[in-house]
Amino acid sequence: MKKVVISGSGVFTPESIVTNEELVASFNQYVDLFNAENAEAINAGEVAALEYSSCEFIEKASGIKSRHVLYKDGILDPNTMQPVFHKRPEDQLPEMVEMAVAAAKEALVQAGKTAADIDLIICAASNIQRPYPALSIELQKELGAGGYAFDMNVACSSATFAISNAVNAIRGGTASVVLVVNPEFASPQVNYTSRDSHFIFGDVCTATIIEAAETATAENSYEILGMKLKTEFSNNIRCDVSYVDHCHPEVDPEAPFFRQQGRKVFKELLPLVADVIQGEMDRLQIAPDDLKRLWLHQANINMNIFAARKILGRDPEAGEAPLVLDTYANTASAGSIIAFHQNKQGLVVGDKAVLCSFGAGYSVGCLMLQRNR
Ligand code: COA
């Protein structure tokens, strides 16, 4: 089988930062406004009073301290509680493509490739800003790439599933150099008036270049030794926004938003993650001590510690299972790629590592990697 490598990666990080302190302050102002406006109904027992959020809870339950967002205005206004931004005209790049251009350029430089070398672009993310024409095709035009392009969505596992598609396309002969981009413009899907979820997501875009080892000229590359993808249906992480919404006589105010049963997710998803990673380690005869890095999905610090312990059979040492969610929050499918991009340099040739995403679906995408050069 053809040896395939990740030869470059890139991350675009929006400039604006929202800290837990800022988010909780505006949320608590919103709670005061809501409870005052609804005092009568609350006293009559018809409406439940809202409760304050807290930075201590957020940091302890999730490990998140701050997040980057494309549009900060509105999120912190207790009368707005959502990002507000104008719809861009057709002759302007939509946000997700704009982010992807920046991340792709960094990945191309790292891989020592130009856009002309790319013959497949996959735009893979938890939310795709419009159904068609595919964002990836607009990106293809913007970069000046050839070949073909398509969009795909497997929620938080979009990036790993896309990389596996890239590997299969290279092995199947339909592409030779693939650009995968993961523009996770997650902030619009957050219900900033829900204390359970207002802190969870941030915006970012990641990019990777995947190609055959024989064409790679980058200083470093990471061979994809194995790939294991797994899905199992669950309603515990859900978003219902749809192009058919306007046809429904009833309006679902929750439809645009991410919602989850966080505890159930925690309990049900982790055994699946451990099974997938351990199964792939067994298949490839990789012992826990052979794994020099765990680039895990970045949703929750406690989940990552639990998964790392399960895989290694001990507590992870500092830097072994790097976290980026403290400053990026949950960035859906981009999280494990940010962790890879920012923490891959310490490995030496021959070192093995795992890159694994998990999330809605449920879905788990596991890539076993080995530094190749
Ligand atoms: N501030 C203060 N208290 C809060 C709060 C907030 N922002 N949000 C919830 N609470 C309260 C709850 O109301 C609850 O109170 P109660 O015990 O009186 O009922 C208590 O804190 C615990 O809430 P719970 O939701 O059970 O917390 P948790 O420890 O499960 O942490 C998550 C919540 C979401 C961080 C955690 O479940 C999680 O990360 N799950 C996995 C999520 C995941 O990976 N999703 C994938 C998405 S891609």
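What covers the buried residues of H3? The legends below take up that question first and then move on to other close-ups.

This is a predicted model, in which local features need pLDDT of at least 70, side-chain atom pairs count only at pLDDT 80 or more, and totals for chains, interfaces and linings use all residues. Residues are numbered from 1 along each chain as its sequence is written, and side-chain values use heavy atoms, with hydrogens and water left out.

**View 1. Helix H3 and its cover.** The cover over the buried residues of H3 includes helix H1 (20–37), H8 and H9, where contact means heavy atoms within 4.5 Å. Helices (H or I, at least four residues) and strands (E, at least two) are DSSP runs, numbered from the N terminus. H3 spans residues 55–62, and its buried residues are Cys 55, Ile 58 and Ser 62. They share one side of H3 because they cover an arc of only 75° around the axis; the arc is that of the directions from the helix axis to the C-beta atoms. Look to the other side of H3 for Glu 56 and Lys 60, which are exposed. Here buried means under 20% relative accessible area, exposed over 50%, and partly exposed in between (1.4 Å probe, protein chains only). Just after H3 comes Gly 63, with a positive phi of about 85°.

**View 2. Helix H8 from end to end.** H8 takes in residues 301–312, 12 residues in total, and reaches 16 Å from its first C-alpha to its last, close to the 16 Å expected at 1.5 Å a residue. That expected span is 1.5 Å times one less than the number of residues. At the N-terminal end, Asn 300 caps H8: one of its side-chain oxygens lies 2.7 Å from the backbone nitrogen of Asn 302. Just after H8, Gly 313 has a positive phi of about 75°.

**View 3. H7 packed against H8.** Two packed helices are described by the angle between their axes and the distance between the axes. The axes of H7 and H8 come within 10 Å and cross at roughly 35°. Axes are lines fitted to C-alpha atoms, for helices over the stretch in contact, and angles run from 0 to 180 degrees between N-to-C directions. Among the residues that meet are Phe 266, Leu 269 and Ile 277 in H7, and Met 303, Phe 306 and Ile 311 in H8.

**View 4. Backbone turns to look out for.** Most residues other than glycine have a negative phi, and most peptide bonds are trans. The bond from Tyr 132 to Pro 133 is cis, with omega near -5°, and Pro 133 sits in the loop between strand E4 (120–124) and helix H5 (135–143). Another cis peptide bond links Gly 361 to Tyr 362, with omega about -10°. Gln 285 has a positive phi near 55° and belongs to the loop between H7 and E11; its relative accessibility of 73% makes it exposed. Ala 329, whose phi is near 65°, is buried, with a relative accessible area of 0%.

Technical notes. Polar contact = N/O pair within 3.5 Å; in protein donor to acceptor, adjacent residues only side chain to side chain.
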